[in-house]
Amino acid sequence: MKQIYLDNSATTPLCDAAKVKITEAMGTFGNPSSLHPAGQAARKLVEDARREIAATLGLRGLLRPEQLIFTSCGSEADNLAILGTAYAKERRRGGRIITTDSEHPGVESAMLALEKDGFEIVRIPTRGGELDWNAYENALNARTFLVSIMMVNNETGAMYDVKRAFALAKAQNPDIVTHTDAVQGYLKCRFTPETIKADLVTISGHKIHAPKGVGALYVSPAALKRRDIVPTLLGGGQEGGFRSGTENVLGIAAFGAAAKYGSANLNTHLPHLLQLRTYAEEKLSPLPVKLHIPTGARAPHILSLSLPDIKSETMVHALSESGICVSGGSACSTHSKKLSRALLAFGATEDETECALRISFSHYNTTEDVDALVEALAVNVEKLVKIHR
């Protein structure tokens, strides 16, 4: 049975460029911190990847390691950004952080920890996939030291206007640190940290056809100069002292190769993703499903829908029997058995949230994949609704 993979917001298959780079790098076994030739060969792989990824973010030339810090994943990068900023300066203790009510768990869990430690967390509503601008502007005050807003919601595909949000924050106080979790936006939307006025940007390898186990945090020169962030993982002082632990050389090298490949093909990939999503919406419209379409800007690769009285898990298993892979909301929260915060914040009812599916595309998908999904959904909706009744 052919497998049709439509869960690319959970993770992506390795691209050929990443596979080739891993194979090449497997012979380079040295520790990047070692000064002998074996170690320096590994160091070169890491620094080459740092430059390749930096170029995709609009950065050029030799970078200090602390400008693009390699981590184990996007969640670790989020934690470094948020906790590292909160604890960087004593005067920030108990200060205000602005975020949204629909962030990824990597951000929200850090916020909850800070809230317990006495920081004030203000969560801006995102109904319909758009920031409540009145609430946001009212939340900005003299005590605000950090704004953390995701670029693309991982469940609905809504694009939050971080450029506007960060500009407003900087107008209030240029020293406010601005962070975006761009894991779902990186190489799906066109941006640079400079154009969106972001001090900190989180990205992840396995969302762009690199391996799991590697992410990165961009840190602006201004934030470094102001010493806005401190490390949260202590040890040997790797990554410019901001992320201790021996670097994942194979993962980092493949991350760089995948980023270079994705950036070079962006003009082809983005229109293809948009075509697939548009085609899927057209084919799904006759079915008794509810599409959760953001009222504002949207990323091209994510489509959220709710089924008629059929639990997400039930349909995920039913589609799996046809070789079709989708998820019931976010893969990061599947095991929590809690209703999706993002969908509830979007405006979905509890019943709709319990019956939600997320379809997410990559450039490897085709319209034939969409046809197979729609056909399988139609058959299973009819069958499962009858059973339910």
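Trainee: What percentage of the 389 residues of the chain count as buried?

Mentor: In this predicted model, 56% of the 389 residues count as buried. The label requires a relative accessible area under 20%.

Trainee: How do you know that the radius of gyration of the chain agrees with that of a compact globule?

Mentor: For 389 residues, a compact globule would have a radius of gyration near 21 Å, and the chain has 21 Å, so the two agree. Along its principal axes, the C-alpha trace spans about 65 × 55 × 35 Å.

Trainee: What makes up the secondary structure of the chain?

Mentor: The chain has 13 helices and twelve strands. Among the contacts with a separation of 6 or more, 73% are accounted for by residues 24 or more positions apart.

Trainee: Why is the pair of Tyr 87 and Phe 119 called edge-to-face?

Mentor: The search of the whole structure finds four aromatic pairs. In the pair of Tyr 87 and Phe 119, the ring centres lie 5.7 Å apart and the planes stand at 85°. Rings pair if their centres lie within 6.5 Å, and planes over 60 degrees apart count as edge-to-face, so the name applies. Tyr 87 lies in the loop between helix H3 and strand E3, Phe 119 in the loop between helix H4 and strand E4, and the two are 32 residues apart. Together with Phe 145, they form one aromatic cluster.

Trainee: Why is Phe 119 called buried?

Mentor: Phe 119 has 3% relative accessibility. The limit for the label is under 20%, so Phe 119 counts as buried.

Trainee: Why does Tyr 87 count as partly exposed?

Mentor: Tyr 87 has 31% relative accessibility. Buried means under 20% and exposed means over 50%, so Tyr 87 falls in between and counts as partly exposed.

Trainee: How do you know that Arg 164 lies over the face of Trp 133?

Mentor: Arg 164 is at 4.0 Å from the ring centre of Trp 133. The distance limit is within 6 Å, so this value meets it. Arg 164 is accordingly listed as lying over the face of the ring.

Trainee: What makes E9 and E12 the edge strands of their sheet?

Mentor: The open sheet has three strands in the order E9-E10-E12, with antiparallel pairing. Strand E9 (290–291) and strand E12 (356–360) each pair on one side only.

Trainee: How do you know that E10 and E12 count as paired?

Mentor: Strand E10 (residues 302–306) and E12 are joined in the antiparallel sense over five bridges. Helix H9 (residues 266–284) lies across E9, E10 and E12, running at about 20° to E10.

Conventions: Residues numbered from 1 in each chain as written. Predicted model: local features only at pLDDT ≥ 70, side-chain atom pairs only at ≥ 80, totals over all residues. Heavy atoms only, no water. Pairing = 2+ DSSP bridges. Helix = DSSP H or I, 4+ residues; strand = E, 2+ residues; numbered from the N terminus. Contact = heavy atoms within 4.5 Å. Axes fitted to C-alpha atoms, helices over the stretch in contact; angles between N-to-C directions. Phe/Tyr/Trp six-rings, centres within 6.5 Å; stacked < 30°, edge-to-face > 60°. Buried < 20%, exposed > 50% of the residue type's maximum accessible area, 1.4 Å probe, protein only. Lys NZ or Arg CZ within 6 Å of the ring centre and 35° of its normal. Rg over C-alpha atoms; globule rule 2.2 N^0.38 Å.
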